[in-house]
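Me: I am new to this structure and would like to be walked through it. Could you show it to me and then take my questions?

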Protein chains: 2
Amino acid sequence: MSGTLYGLGVGPGDPELITLKALRIIEAAPVIAYPAPDKGDSLARAIAEPHIPDGKTEIAVRTPMVPGAFPAHDVYDHYAGEIGDHLSAGRDVAVLCEGDPFLYGSFMYLFARLAGEHETKVVPGVSSLGACAAAAGVPLVSRNETLSIVPGPLDEAELEARIKASTAVAVMKVGRHFDKVRRVIDRLGLSADAHYIEHASMADQRALPLDQVDTAKAPYFSMILIRRESGEAGQ
Amino acid sequence: MSGTLYGLGVGPGDPELITLKALRIIEAAPVIAYPAPDKGDSLARAIAEPHIPDGKTEIAVRTPMVPGAFPAHDVYDHYAGEIGDHLSAGRDVAVLCEGDPFLYGSFMYLFARLAGEHETKVVPGVSSLGACAAAAGVPLVSRNETLSIVPGPLDEAELEARIKASTAVAVMKVGRHFDKVRRVIDRLGLSADAHYIEHASMADQRALPLDQVDTAKAPYFSMILIRRESGEAGQ
């Protein structure tokens, strides 16, 4: 009998923001997998670390992080094979995912390769979106307002068009795109409505006005939330 | 010394999708509050029910659900007063919120009235967005794709413009707006890319193709996810 593949959201960073369900499955599954950089530690594993019992088989799904090399399809083929072997042998595999597995998560590449052949369950997690809003103390959207989630790497014209068209916007993965995003926000006259947050829910969480951000140091895990004061959530 | 006001995300419906942090705070706080309809039960309380110890002081924040009457500012003024009295007396108050407190949650109305005077902490929760994607088995967005969250009550032209402009869309609160939303999706040729989900993560969760939905029965807590197959998350 085949094992079950689990995609487990482990939340945005604070180990206490894991769900009871993810915790139960981590404790029960004999095999734990998680995304990791070429070299170095896995953030997803670090988030779940206090909850991982000894004695698990662990698979670090190491992928190259150089721009253009991601997603590395041959790398995912390899790890899908390794995970598939465990499943075929009847062992459940829990894949840890930062935030939520299906919102900007790399779990989709394993899901695409394995869900057709093996029973697969996805456990949603707390996303960085809610964590950033909580860190900034900013209710994002209410009732009939629209929210756009926009990646910082988009080109400047597309960023501007999307921010202009929405009541509330979350610009994700700001990092080295900070200056570009800020130019757009300034041009649209939204600086007073914008909030910068880095490492939401983690020990080094910071929420700052845009003009206090050291632009050279904005990390990959940073976000800018824009909530127009004219929107109801701003009342 | 004033107590602390907590806005606690209790997740989308499955009581096991509550976080360890929300659970700890529910267990410790002497006063629990939650939104509720005029008459009848609170969904947020029902989600957290297995985790609420006996002996708490409970406040049902009852608001009229008739269209046009919400948000009822005098009602929120009243409950903010009641909660504020507990805080001023040094008692922590945990406000239970379906999903995430700052994503389409009514907690913002209490937050606006109380956060200026009392220490306030917001604990993010699993939103219905991730729960719906998990229920449908649909990775929503990857890498540099844009996601729009659009309320079903919007008028038809605005819905169409917003859906047309995005790679991935979540239409929330579909319910009695199902026929309108479906017309828009058909017109844009996106029917094959659309997934209907109701009561995500709850015991009566259902995920269906649009043409199998009984339109007269779509509940308020229903969502349509649209992920273009041309988007990378569809590969």
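Reply: A term to begin with: a residue is buried if 20 or more other C-beta atoms lie within 10 Å of its own, exposed if 12 or fewer, and partly exposed in between, with C-beta atoms placed from the backbone. This is a predicted model, in which local features need pLDDT of at least 70 and side-chain atom pairs count only at pLDDT 80 or more, while totals for chains, interfaces and linings use all residues. Residues are numbered from 1 along each chain as its sequence is written, and chains are lettered from A and ligands numbered from 1 in the order in which they are written.

Me: Which residues point each way from β1(A)?

Reply: A:Leu5, A:Gly7 and A:Gly9 point one way from β1(A), and A:Tyr6 and A:Leu8 point the other way. In a regular strand the side chains alternate between the two faces of the sheet. Strand β1 of chain A covers residues 5–9, and five of the five are buried, so the strand is largely enclosed by the rest of the structure. Strands here are DSSP runs of E with at least two residues, helices are runs of H or I with at least four, and both are numbered from the N terminus.

Me: What does β1(A) pair with?

Reply: Two strands pair if DSSP finds at least two bridges between them. β1(A) runs parallel to strand β5 (residues 120–123) of chain A, with four bridges, and A:Tyr6 has A:Lys121 as its bridge partner there. β1(A) is also parallel to strand β4 (residues 93–97) of chain A, through five bridges; in that strand A:Val95 is the partner of A:Gly7.

Me: Moving on, where is A:Val174, and is it buried or exposed?

Reply: A:Val174 is in the loop between β7 (168–172) and α7 of chain A. It counts as buried because it has 26 C-beta neighbours inside 10 Å.

Me: What is A:Val174 in contact with?

Reply: Contact means that the C-beta atoms of two residues, placed from the backbone, lie within 7 Å. Leaving aside neighbours within four places in sequence, A:Val174 is in contact with A:Gly152, A:Val181, A:Ala218, A:Ser222, A:Met223 and A:Ile224.

Me: How do the two chains meet?

Reply: On the side of chain B, 45 residues are in contact with 44 residues of chain A. The largest share of that side of chain B, five residues, comes from β6(B). The side of chain B that touches chain A has 28 nonpolar, twelve polar and five charged residues. Strand β6 (residues 147–151) of chain A and β6(B) run antiparallel and are joined by three bridges, with B:Leu147 as the bridge partner of A:Ile149.

Me: Lastly, how many residues of β2(B) are buried?

Reply: Five of the seven residues of strand β2 (residues 31–37) of chain B are buried, which leaves the strand mostly covered. Seven bridges link β2(B) in parallel to strand β3 (residues 57–63) of chain B, where B:Ile59 is the bridge partner of B:Ala33.

Conventions. Ala, Val, Leu, Ile, Met, Phe, Trp, Tyr, Cys and Pro count as nonpolar, Asp, Glu, Lys and Arg as charged, and the others, Gly among them, as polar.
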